[in-house]
Amino acid sequence: MENALMSFLKDHQLNVMLFLVGVCLLITLLVSVTKTISLRRKISLILLSSSGALLLIMDRFAYIYRGDVSRTGYYMVRISNFSIFFLVLFMLYGFNLYLKDLFLTEGKKPRLPKRIQTCDFLIFLAGIMLVLSRIGNLYYYFDETNHYVRGKFFFMCYAFPIIVLLIQFTVIFACFKELSKYIGVSLVLFTTLPLVAAIVQIYAYGLSLINISMVLTVVLLFIFTYSDLNIKVRDANRREIALLKEQQNSIRTLFDQTAQALSGAIDAKDEYTHGHSLRVAEYSKRIAALSGKDEQECRYVYYSALLHDVGKIGVPDSIIKKAGKLTSDEFEFIKQHPVKGYQILSTISQLPYLSVGAHYHHERYDGKGYPEGLKGEAIPDIARIIAVADAYDAMTSKRSYRAPIPQQKVREEIVKGLGTQFDPNYGRMMLHLIDEDTEYLMKEREESNNLTGDVIDIDEFRSVITEGIALNRYKTTLTLRSTAKETHSPEHNIPSLLLFDSLDANTHDKDNKANELYYLEYAEIDLDGRTTLFNARAKKEEVLSDNEVSSIDRRLMITHGTEYEVTAYKIKDHVSITISDGYKVQRTVIALPDANRYVYMGITGANCIIKDINVSKAETQMPEDSIERIAEEVSYIKDCPRGDLDNLQINGWRMATTKGVPISDGMKLKFHSFGLPTARLVWHCPSFVLFYSDDGTVTGDNYRELGLIRMDGESWEADDNVTNSIEVVLNDKFKGWDAWKEEYRKGIDVEVSIKRRGENIILTTENLGLAIKSTSSINVYFPMLYVAISGDQCAVTDIKVRR
């Protein structure tokens with residue numbers, strides 16, 4: 001067994017040497033670039049690894065050229081053998097340097113042990129003896145065949161290294177407890193393994209066991225050194241991380257409070273921007289989260305948005321607080337606030353992201369913004385997010401020169417700005433937040449729609465009208481107490497309800513703003529049951545119960561206060577209003593112009609004080625047959641031609657949908673479409689639904705919606721297994737959004753092409769210069785995929801499927 005092992009080593013030791021040479025050179029490189037160890041220890045490790053590599057190189061040459069009687073062989077054998085003995089001593093010197101640094105640092109010795117200094121002297125003496133040995137061939141010589149032959153005193157060449165190693169071992173042993181486990185083991189191996197190899201070497205002539213073992217111990221020393229460093233770094237990191245987390249939490253709290261205080265001070269310069277920065281920060285953070293950014297990135301976005309208007313500190317109050325529009329010179333001055341904000345925040349060098357929002361939040365995606373006119377993705381990511389959040393809050397907040405813009409109009413403006421004013425991706429995420437905000441909470445808190453607890457003092461008829469309460473299929477219950485003012489006849493001192501439609505849920509005089517907000521009054525209902533129609537088609541009044549009271553008692557009730565309860569709801573184009581005053585219950589049904597319109601209910605009256613107002617909503621919808629029809633349902637498609645599918649009149653968002661059409665490669669959908677009279681926003685148009693269900697309908701079992709593409713260029717995926725990308729191009733035929741809406745309302749012919757490439761569904765269409773290409777990548781198997789047509793406030797007729 002031992003002979004076989006020796007034979008194997010003799011046959012392969014040159015390859016082993018070559019491998020170890022590569023390892024030593026790699027160690028030399030790694031140690032050279034590392035910065036985690038002291039300079040003296042780095043030098044010692046470099047000396048050890050580089051001399052170890054050179055030692056094995058020379059040892060290989062010694063074996064390769066032995067017996068070579070050529071002139072080259074003659075010199076190479078002699079140079080290589082001498083270098084071997086010299087490099088062994090040099091490695092011992094390098095190890096001694098390592099020990100010196102180790103004991104002065106980790107060993108915490110005030111001074112070096114004399115034994116280590118003795119080792120330096122012995123190594124120097126051994127070097128002199130090595131040179132002198134060549135004069136008398138004391139250690140070795142070469143025969144006539146150019147082979148290495150041991151001399152009479154060859155044991156002397158081992159004596160000095162062995163003595164040095166033994167001395168070093170005694171020093172290591174004495175200080176072993178002060179050393180880490182990994183370092184102590186590596187030092188013991190370095191001093192003992194070569195000693196064992198030296199003993200074997202005496203009897204195993206022809207093997208370089210000492211040299212190989214010394215190089216192996218250098219490799220082990222490197223490995224254990226780095227392992228020890230990693231443990232120390234890990235432990236230090238754990239301690240530092242715990243401390244840093246505590247400090248960071250304190251600093252973050254302080255920073256958050258400081259940033260909010262600063263942003264609050266900025267907003268306080270103008271009473272109309274109170275809370276603006278905080279709202280923009282919240283919206284921006286939500287957009288960042290929707291886009292997939294991690295928690296830290298969302299935090300960066302939040303604080304950058306919180307301080308985005310810090311440059312307004314340098315804008316005079318006379319400009320910021322000016323009522324009305326700014327002059328061109330004033331606007332040029334205020335356009336400098338991004339630069340001023342950057343100058344202020346860029347001084348915070350530890351938080352460079354803070355200045356990004358302040359500097360670039362007025363840049364536009366099409367390059368027409370300021371201050372630098374950056375375009376597209378050249379605008380920093382944070383600024384593109386803040387830009388859409390800032391625009392949204394500016395539009396939904398009150399200003400000195402205008403009221404808040406209705407959320408639906410704001411949504412339309414963002415749709416119009418996709419790819420021009422706003423980054424399309426972040427703009428669509430803002431639209432998603434708007435669509436989720438069904439209670440319209442994303443606005444100034446002062447504009448709350450909660451009437452509960454209000455006291456309304458009304459003099460002349462309709463001098464005060466509250467903000468409208470939205471009516472839908474969920475029954476609304478309104479209770480209030482009304483007291484007549486003594487200066488007027490009691491019969492004229494009662495509250496009224498005004499039914500109307502408006503984008504901002506408020507009433508308006510008949511002016512341009514009323515037209516812009518599509519304001520329309522349907523009817524007025526006095527709480528004594530009298531109804532006046534304005535733009536409604538019909539009414540039906542009925543008394544459900546009546547505990548008759550005299551006219552005198554009625555006047556006393558009105559004078560001293562009457563409690564009313566009103567229940568109201570809307571189904572399609574009919575509204576039901578039931579009023580009770582404790583004695584009489586009367587119901588009024590009103591037929592609206594059509595089923596597409598919204599209905600708001602405002603509280604008004606004449607010469608009365610209304611208080612104790614409370615509004616509540618039922619949690620379940622009213623049945624569709626709970627209102628009897630008093631007027632024929634309005635149809636805008638009854639005379640339109642029919643194609644392969646039934647015509648659609650879509651009175652509200654996805655209130656009607658075609659049956660699903662199985663998707664195949666190369667199919668086309670052709671149809672005619674127009675906006676209903678109530679269509680007033682860009683997304684009042686058809687949409688295309690990609691889905692799966694067992695029966696191919698959007699109400700079928702196992703329904704899974706995979707994507708939705710609107711004809712105005714909006715799209716989103718509704719399933720985690722789908723990714724959707726959309727390209728929207730406004731070509732030369734596009735004449736602007738207002739023209740697009742107007743032309744679409746008149747009616748256009750639409751052609752939609754659908755291609756299927758494996759699990760990719762590609763939908764393309766172009767209408768009035770608006771070109772759309774949507775690609776939906778579906779990452780799960782479905783036996784069949786379907787497309788259906790739906791939409792909002794539009795009609796779809798003459799639908800044809802072509803394959």
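Biologist: How many positive and negative side chains does the protein chain have, and how far apart do the centres of the two sets lie?

Modeller: In this predicted model, the protein chain has 93 positive and 101 negative side chains, with the centres of the two sets 10 Å apart. Lys and Arg count as positive and Asp and Glu as negative, while His and the chain ends are not counted; the place of a charge is NZ of Lys, CZ of Arg, CG of Asp or CD of Glu.

Biologist: Why is Glu705 called buried?

Modeller: Buried means under 20% relative accessible area, exposed over 50% and partly exposed in between, with a 1.4 Å probe and protein chains only; Glu705 has 15% relative accessibility and therefore counts as buried. Of the 803 residues of the protein chain, 49% count as buried.

Biologist: What makes the pairing of Glu705 and Arg654 a polar contact?

Modeller: A polar contact is a pair of N or O atoms within 3.5 Å, where within protein one must be able to donate a hydrogen and the other to accept it, and residues adjacent in sequence count only if both atoms are side-chain atoms. The side chains of Glu705 and Arg654 are joined by such a contact at 2.8 Å, and the side chain of Glu705 makes another with that of Tyr703, also 2.8 Å.

Biologist: What do these values rest on?

Modeller: Local features need pLDDT of at least 70 and side-chain atom pairs pLDDT 80 or more, whereas totals for chains, interfaces and linings use all residues. Residues are numbered from 1 along each chain as its sequence is written, and side-chain values use heavy atoms, leaving out hydrogens and water.

Biologist: Where does Glu705 lie?

Modeller: Glu705 lies in strand 19, residues 704-710, a strand being a DSSP run (E, at least two residues) numbered from the N terminus.

Note on methods:
Helix = DSSP H or I, 4+ residues; strand = E, 2+ residues; numbered from the N terminus.
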